[in-house]
Structure formats: C-alpha cells, structure tokens
Amino acid sequence: MPSAHGPARLAELPLGAIRPTGWLADQLRLQADGQTGQLENVWPDVGPDSAWLGGDGEGWERGPYYLDGLVPLAYILDDADLKARAQKWVEAILAGQGDDGQFGPAGDDWWPRMVALKVLTQYADATGDERVPAFLRRYFTFQARNLPQRPLHGWGRARGADNVLSVMWLYDRTGEEWLLDLARLLLAQTHDWATFLTRDLPAGPAPAFRHLTHGVNVAMGMKTPAVAALLDDAVDDAAGGGRRAEQIRQMLANLMRLHGLVHGCFSGDEWLGGREPHHGVETCLVVELMFSLEQLVRILGDGSHADLLEQIAFNLLAASSDARMLAHQYHQQANQVLVSFADRDWSFSGPDANVFGLEPHFGCCTANLHQGWPKFARSLWMRAGDRTLAAVAYAPCRVDAELGGRPVRLDVRTGYPFDDVVEIGVSTPVTHEFALRLRIPGWCREPSLTVGQEPLPTTPDDDGYVTVRRAWADGDVVRLGLPMRLRTVPRDNGAVGFRLGPLVLVHAVGEIWRPVPDHAGLAEWEITPRTFWNLGAWVDDPAGIESWPVERRPVGPVPYDVDAAPVVVRGRGASLRRWRMRDNSAGPPPASPVATRAPVMELRLLPYGSARLRVAELPTVTVTPEPDDD
Ligand SMILES: [Zn+2]
C-alpha cells in the first residue's frame, strides 16, 4: 500500500479504533436511542420506500446523509442492531451500480453520490469490505469519462471537495495516477472558495439565494484549499501546504469578521446572516463545519482548527438537539429567548425554523445531523507516522492502535470540557518507544504536564502540540492540566460573550417546555421563558470576573441536561428592562456600557449546549447612582 499522497500531516485511525467512554459514550448512546436509532421508523424519507433501497420514495440526498452518520455511529458503538441496519443500505447501494459505473437514483446529479461515497469509504474503513474499492474504481472511471462534458453544477459545484476526498481515499490504496487527474478535474470544476471568501465576500444578511453565500455550502467549501493540498507535488509540499494553510486562515478570519457570531461559528439562516446575535445557524452548517475542520486538522495539522472543532462540538452541536436527542432545530440562535412557531428575521427560512422537532422547516438537517458526534469521536486521536499518536481533541475515550508494530491502548479519563484535567493511562504489553503529541489549546495560558511524578515542559510547537517521546511502560499515566479561566469575548457595540476553556457560557434563561400536540416524529417542543432574559453583565465588577465562583460537578447521564449542568458560574449583572424583543427574537444588545441604577443581581452562566434558552451576547452595565437609564 503506498503512503498517503501530498502533505497530509495526520491520518485517521480505523473506524472503531476509538471507543467513546464516560460522558461521550452517554451522548452517543442517547443519539443511538433517539433521533438516529429511530429515524427509519418515524420518517418515510429514510423508510423502506427510499429510492436508495429500491423503493419509489426519496432518492436524492436524504438516504446518504442519514447513512453518513449511521455508519460511523454503528461501528464506533459496535452496535449490532445499528450495523445490521446500515448493512441493508450499503448492500442496496453496492447492488445498484450499472455496467457503466453509475449508481443510485438521483438522475444525473453528482451531488448526492458524493455523500454516498463518504458513506462507503467509512464502511470500508470499518469492515475492510473489498467490494468498496472496486465499486469506487468503476464509479470514478465513469466520472472521469463524463465530467468533461457534464461538469459539476449546482450543489455539486459548491461541494466538489467532498468528492475529491473519496477519490484520494482510493488513491491511497491503489496509487493509480489517473485518480489524481480526476481529483484535479473535480477541483477545477469546484467553486473557487478561497478567492470568494478572501476577496468577494459581502457583509450582512445575503439578500438572495446564491450557492456562494449559502451557509452550509460555505462550511463545506472551507476545506477546499486543504483538500487541494493533497494534490501538491511532494517537492513543494512545504511551500504549497504553507500557502494553502495561510489561505484558510484568511478565509476563516474574513468570514468571522463579516459573519462571525459570539460563539465562534458564523451565521447561516440559511444564507449568511451577518454578525447580530439573533441570526441563526443551521444544524447542517454545524455538522458540515465540524467535518471540514476535522479534515483541516488531518491535512494541515494545525491545532487552532482543533480548538474551533471542540468549540463547535461542545457548544453548537450539543445545543442543536434537546438534551435527550429526540428532536432538533433547523436554526439555533446565540441569543435565543423564545422557541416558537413565529416569523423571525432569518435571511431565509419559515416560522418553524427554531422549533425542536422531527423536520422543522426542511428535512436536510433531519437527515444530516447524525454525522456530528460520531465523526468527532473518530477524530479525537489521529496517527502522525508509525510511532506517534496525536490528541486532536479531548473527550473520554479508549484508543487502540499499533505503534512501531506493537499494540498500545490509551485510556483517556476526563470530564473535559466540563473538567480541566485529562488523564491518559497507557497499556502496552512490552516497554517500547513511541510518542504522544498532545494539543495545547490556544486559550490555555498555564498548562501542566506530568508522566508519573515527572513534570514535563509544556511549550507548544508551531502547530500547537507538545510531543512526549519516551520508552513507555505498561501502567504509565499522563496527566495534562488545562486550567480554564473565565474570559470575555468582545463583540460589536461594546457587548460581550463569556468563555471557560472551550465552553461558551451563556446567561441561562428559565425554560418552560411545551409539547406540540399531534406532532410527527419522536417529540416536538416550543420553549417559553420563565425568567427575565434581558440582563446586562457587570464585567467591571470591582472584584473582577476572576472572582466569580466556578462550580463543577460530575457529568450526569444526560450530559447536556439544563437541570444538571456540570459547570455553573455565578456572575453578576443587572436587569435592563428597556432591552426588548424584536420580531420574536431578543433585539440587538443596546450599546454598552449601559448605565443603570438597577440593583446588582446574580447572572447565572451555564454551558451554551445545556441552555436551549440563552443569551450568549450581552450588553455590559455600569452600576451608577445617576438615573440615566432604566
Ligand atoms: Zn439542514
């Protein structure tokens, strides 16, 4: 088998090599018992009539989207029932290939097949099923023959990088040069995301549909220069990879400058929506941005992309469904103070877009949300050469890998991101030398690291990692301390957000969950507030926000349950009664600081993912005896 082409810095471990434990196992089990495990029974679009199963029902992206999450979930949990369910779909897809290599329903559209290809590569990673490389080879031959006359268009033209990933998956196994030509052709037919996002990106909510300002497309397009780097010649790896890494930094920076929200993601509801905190983020955008970031980390090796990956997973992904993962939103808001059927100031979406349900507004997220947690779990650790494992993101898990030809097991014991210590137990049948690369998050100022009793240096390299290379013995324990200080994030007009390590903290508003009668699916809710949402933060508290007590408790069996939040910060603020609703959302935060005579009161901050009613971007207040406001 040839080594991976191009400058990819890290390689994924086989699907199933990383098993979630602790709170992450609980979260994946909730998903398996909730929306993913029950979807085929409650949603006809992935039921027995699906055209991907040979029926006369839905035959576009929804079947493949669902499988893109079901397959990794089934193999990561090693769940026989989910595996059997996935197998039925895989067999139907494999059986549905024509003599010319084309497969599946969906007419001539290249796009839904791109998702099906990702499904098959993951399935082959987990099972080694030799039918998959042969199937891909026939389809890529078909693509090479037909793309010159029938180029990528529409969704496919925006998302061509996803197709290239599967081509490179096969190339890494066969080394056939024509696959590189096909990958170059696909990239040439894909939108030039680097130019658009660095030079042509408009500010404010997009006024009309365009593929280039569609939020999910942007999240997917973000990976395009990194995927292109896989095709760079080995001789200019450093120059090519470095140039493309810089391109991606600029793309992200420009996107955040014009459309960035307080939680570190950009708006897309469902088109790019500007910076105001009532604008939404579509659930498809959340999971696709995570997948793009996982690819950026793998290809470029830059730990800052993993910082953002954690931030999106631990906050926005968690918030996109209810705590038990029975229902999801189409759009989540950073400042979300009412979840209800009502018109809102979206760039484009209907009145049900922020309700928790089976298919709010449109069914793409219903089908696509499943990939979020499983792919994150698979990406926690990656391989960096024959004798090195890299910790890309931290969460409790067990990793089995071969290093230098010998089996090694890592047992990652932590409540992170709800706790600030990560303990890694090493099991190896024989003492031998290998390296662990440990990511030091960019926000962490005073990390600590020990192996056994021995303290080690923690200055990260240019990629943001500390490398510990030594002869490891069975039973060695690594202890990584990542102390989290409460910090503020400046926003427009003097407003602020709060962070604690990778967690976005929000003013949690009391929630009344109102079941919607006669709903489809597993559950449907509106949520109304039972406490005031309109508070300002007193960040000039003379004692300093560092004095605000941080309470931690063990993560419960439902990790993102608002009534059992594992982290609570008791801050200080004051009520701002003039800050009102506008168009059924919290209005824009008033210009800060707001002078007020209102009494100082507790400002209860919880993790963003725990609070389905929340204010993440707050005005600040100065507490003054002058009666100039409120
Ligand atoms: Zn969607």
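How many bridges pair strand 8 with strand 9, and in which sense do they run? Strand 8 (residues 397-403) and strand 9 (residues 406-413) are joined by seven bridges in the antiparallel sense.

## Before we start

This is a predicted model, where local features need pLDDT of at least 70, side-chain atom pairs count only at pLDDT 80 or more, and totals for chains, interfaces and linings use all residues. Residues are numbered from 1 along each chain as its sequence is written, and side-chain values use heavy atoms, with hydrogens and water left out.

## Strands and sheets

Back to those two strands: Leu403 has Arg406 of strand 9 as its bridge partner. Strands here are DSSP runs of E with at least two residues, helices are runs of H or I with at least four, and both are numbered from the N terminus. Two strands pair if DSSP finds at least two bridges between them.

Strand 11 (residues 432-439) is another one to look at. Four bridges join it in parallel to strand 7 (residues 388-391), with Leu389 partnered by Leu436. Eight bridges join strand 11 to strand 14 (residues 465-472), this time antiparallel, and there Arg437 stands opposite Thr467. Seven of the eight residues of strand 11 are buried, so the strand is largely enclosed by the rest of the structure. Buried means under 20% relative accessible area, exposed means over 50%, and partly exposed is in between (1.4 Å probe, protein chains only).

## The zinc site

Now for the metal. The zinc ion has Glu282 (OE), Cys284 (SG), Cys364 (SG) and Cys365 (SG) as its protein donors, 2.0 to 2.3 Å away. Donors are N, O and S atoms within 2.8 Å of the metal (3.2 Å for Na, K and Ca); water is not among the atoms, so sites may look incomplete. Along the chain, the donors follow the spacing E-x1-C-x79-C-C. Glu282 in strand 3 (residues 280-282) and Cys364 in helix 16 (residues 364-368) are 82 residues apart, so this pair links distant parts of the chain.

Glu282 is buried at 1% relative accessible area, and Cys364 is buried at 8%. The angles between the four donor atoms run from 96 to 122°, which makes the arrangement tetrahedral; four donors count as tetrahedral if all angles lie between 85 and 135 degrees.

## Core and rings

The largest nonpolar core has 210 residues, and Trp373, Trp381, Leu438 and Phe498 have the most contacts inside it. Helix 14 (residues 283-300) gives the most to this core, with twelve residues. Such a core is a set of buried Ala, Val, Leu, Ile, Met, Phe, Trp, Tyr and Cys residues joined through side-chain atoms within 4.5 Å.

There are 27 aromatic pairs. Rings of Phe, Tyr and Trp (its six-membered ring) pair if their centres lie within 6.5 Å; planes under 30 degrees apart count as stacked, over 60 as edge-to-face and the rest as tilted. Trp110 and Phe142 make a tilted pair, 6.0 Å centre to centre with 55° between the planes. Trp110 is buried at 2% relative accessible area, and Phe142 is buried at 6%. Phe418 and Tyr560 have ring centres 5.6 Å apart and planes at 65°, so their pair is edge-to-face.

Notes
Tetrahedral: all angles 85-135°; square planar, octahedral: opposite > 155°, others 65-115°.
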